[in-house]
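Dear colleague,

Please find below the structure I am handing over to you, together with its sequence. My notes on it follow directly after.

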Amino acid sequence: VASVGLGRAVIGTEEGPTMWCDEVSSPHSAQSPLEAERLGAAAQTMTEGPTRLLGASAEKLSNPLLVGQPDVVRQPHVEARRFVLLASPGVWLKGPRLPLEWAVAAYRAGRNPA
């Protein structure tokens, strides 16, 4: 799974009635501990917005702290049913588990989880 920007990626694993939720990304903003470490002292100057993004070549040329390099996470394969959710920041306001439960409920009911 690769992610970039302020969105998140979550992998859900369904094992019988149990649903496991693994956050496999971190939002790319100066407020994120991982991004603050990458940015060093410059993190103090970046107040909002993404620190990694696709496209936006003009912005990246004018600000070398902005990069297009995604986080890449590998998850081992399992025999259970798995779901990958990629979504914008607003979807995750109440945490990662609730959107995953919505998607699984829609899938089980034969509806489109999107």
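Leu98 is partly exposed in this predicted model, with a relative accessible area of 28%. Leu98 is found in helix H3.

The structure holds one aromatic pair, formed by Phe83 and Tyr107. The arrangement of Phe83 and Tyr107 is edge-to-face, with 5.6 Å centre to centre and 80° between the planes; the angle qualifies because planes over 60 degrees apart count as edge-to-face. Phe83 belongs to strand S5 (residues 81–87) and Tyr107 to helix H3 (residues 97–108), so the pair ties together parts that are 24 residues apart in sequence.

Tyr107, at 41%, is partly exposed.

A further point concerns the backbone at Ala56. This residue has a positive phi of about 55° although it is not a glycine. The value deserves mention because most residues other than glycine have a negative phi. Ala56 is placed in the loop between helix H1 (33–39) and helix H2 (57–62). With a relative accessibility of 27%, Ala56 counts as partly exposed.

With kind regards

Methods:
Residues are numbered from 1 along each chain as its sequence is written. This is a predicted model: local features need pLDDT of at least 70, side-chain atom pairs count only at pLDDT 80 or more; totals for chains, interfaces and linings use all residues. Side-chain values use heavy atoms; hydrogens and water are left out. Rings of Phe, Tyr and Trp (its six-membered ring) pair if their centres lie within 6.5 Å; planes under 30 degrees apart count as stacked, over 60 as edge-to-face and the rest as tilted. Helices (H or I, at least four residues) and strands (E, at least two) are DSSP runs, numbered from the N terminus. Buried means under 20% relative accessible area, exposed over 50%, partly exposed in between (1.4 Å probe, protein chains only).
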